[in-house]
Amino acid sequence: MTQKTHVFNRIRVTCNKVNSCSYSNWHVHFKNHIPEAEVIKPLPPAFLEYLSADSIRLPTSATVERNDDNEYSDWEDDSEPSLAADPVEGFHDFHEKLKGIVDKFGKVLVKTNWSAGKDAKWILINNSLQCTSVNDIYLLLNSSDHIAHDLDRHMYDECEDKDEGPYMEPELVVKKWIFDFNPALEFRIFIKDKKFLGVSQRDPGHYIFLEEVLPKLKEALTTFQASVVAKTTFPAYDYIMDVYIPRPYNKVTIIDVNPFTRKWDSLLFTWHELLEKENDGNFELRIITETNMGHLARKDHSESQVPLEVVGAANDSQAMVELAREWSSLARQAEQT
């Protein structure tokens with residue numbers, strides 16, 4: 001007798017489903033539950049070329065260049081005048097608009113249609129996504145693989161109609177920074193047919209106080225599911241939502257919305273159990289405890305972590321150049337031994 005093999009749940013993804021989770025398409029449906037923000041689009045071609053360049057060039061700062069051997073041995077100070085001395089020359093109006101938004105909000109979080117540069121937050125002096133100047137924004141965007149992923153249209157890699165589109169043009173979202181933001185209170189919601197399949201803690205740390213406030217968090221999320229998600233005019237039925245629930249744990253703020261695909265980390269769940277779960281609206285809120293610390297006990301974006309001296313040099317262009325030269329010298333010495 002031949003046994004039937006189990007067929008895992010397939011997630012159908014189309015370009016339209018991905019596009020629905022672009023910020024400018026979803027935020028209007030949840031406008032009472034999001035931080036204040038401004039969207040800049042279309043993005044100037046010169047700015048997109050600037051982000052895709054093999055160098056990190058900031059206004060009135062050093063230039064970081066890479067040679068053909070993919071080595072950072074040609075880093076040099078941008079003290080000598082040149083025709084390209086001002087990197088924002090080709091998108092001056094955009095630069096001034098962005099600067100005005102930063103001046104208005106004071107502290108901001110910047111992202112593209114779908115992604116924030118979490119993998120590159122180490123390059124900012126505060127080791128977070130908080131930007132207080134346009135230079136912070138340029139440094140973060142230039143250094144992030146997540147941002148490059150968006151700009152290169154890899155969001156559509158899993159779409160069954162990826163060869164035909166339609167595709168969204170890149171946009172820049174500048175959000176007002178949430179005061180006293182606590183990453184322990186950020187959660188990821190997996191939503192199918194406008195019902196919660198499960199909710200997971202986002203930050204990979206163990207926070208003892210979360211166990212004490214778990215009932216309040218669950219109550220806030222249950223109310224949010226019934227009063228907001230179930231009644232929204234947002235056309236997508238299946239998606240992932242990242243939310244923030246600050247003290248006193250009775251208000252849910254939406255941080256981001258992403259397509260319901262395996263490209264996104266299922267965190268304390270597995271995709272298999274989420275897709276096999278009975279979709280009745282009853283959900284489990286999972287947090288990291290002493291008994292399950294191994295599931296998420298890792299540094300966020302650990303593949304992007306760098307030595308502490310790089311973080312220190314990030315706020316000093318000359319120090320960054322000197323550090324690069326030192327690394328290049330050590331690399332040459334290693335090759336000669």
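Student: How many bridges join strand 7 to strand 10, and do these strands run parallel or antiparallel?

Tutor: Strands of a sheet pair through backbone hydrogen bonds, either parallel or antiparallel. In this predicted model, strand 7 (residues 195-201) and strand 10 run parallel and are joined by 3 bridges, with Ser200 standing opposite Arg286 of strand 10.

Student: What is the order of the strands in the open sheet, and which strands stand at its edges?

Tutor: The sheet has 5 strands in the order 9-8-6-7-10, and their pairing is mixed. Strand 9 (253-259) and strand 10 (284-286) each have a single partner strand, so one side of each is left without a neighbour in the sheet. On average, neighbouring strands here are turned by 20 degrees against each other, direction ignored.

Student: Which helix packs on this sheet?

Tutor: Helix 7 (residues 208-229) does, touching strand 6 (186-192), strand 7, strand 8 (239-244), strand 9 and strand 10, while its direction makes about 150 degrees with that of strand 7.

Student: At what angle do the axes of helix 4 and helix 5 cross?

Tutor: Angles of 65 to 115 degrees count as roughly perpendicular. The axes of helix 4 (residues 92-105) and helix 5 (residues 134-143) come within 9 Å and cross at roughly 110 degrees, which makes helix 4 roughly perpendicular to helix 5. Phe94, His95, Leu98, Lys99 and Val102 of helix 4 make the contact with Val134, Ile137 and Tyr138 of helix 5.

Student: Is Asp161 buried or exposed?

Tutor: Asp161, found in the loop between helix 6 (145-151) and strand 5 (172-176), is buried yet has no salt bridge, the nearest side chain of opposite charge being Arg12, 8.4 Å away. Not counting residues up to four places away in sequence, Asp161 touches Thr14 and Cys15.

Conventions
Residues are numbered from 1 along each chain as its sequence is written. This is a predicted model: local features need pLDDT of at least 70, side-chain atom pairs count only at pLDDT 80 or more; totals for chains, interfaces and linings use all residues. Side-chain values use heavy atoms; hydrogens and water are left out. Helices (H or I, at least four residues) and strands (E, at least two) are DSSP runs, numbered from the N terminus. Buried means under 20% relative accessible area, exposed over 50%, partly exposed in between (1.4 Å probe, protein chains only). Lys and Arg count as positive and Asp and Glu as negative; His and the chain ends are not counted. A salt bridge is a side-chain nitrogen of Lys or Arg within 4 Å of a carboxyl oxygen of Asp or Glu. Contact means heavy atoms within 4.5 Å. Two strands pair if DSSP finds at least two bridges between them. Axes are lines fitted to C-alpha atoms, for helices over the stretch in contact, and angles run from 0 to 180 degrees between N-to-C directions. Angles under 35 degrees count as roughly parallel, over 145 as roughly antiparallel, 65 to 115 as roughly perpendicular and the rest as oblique.
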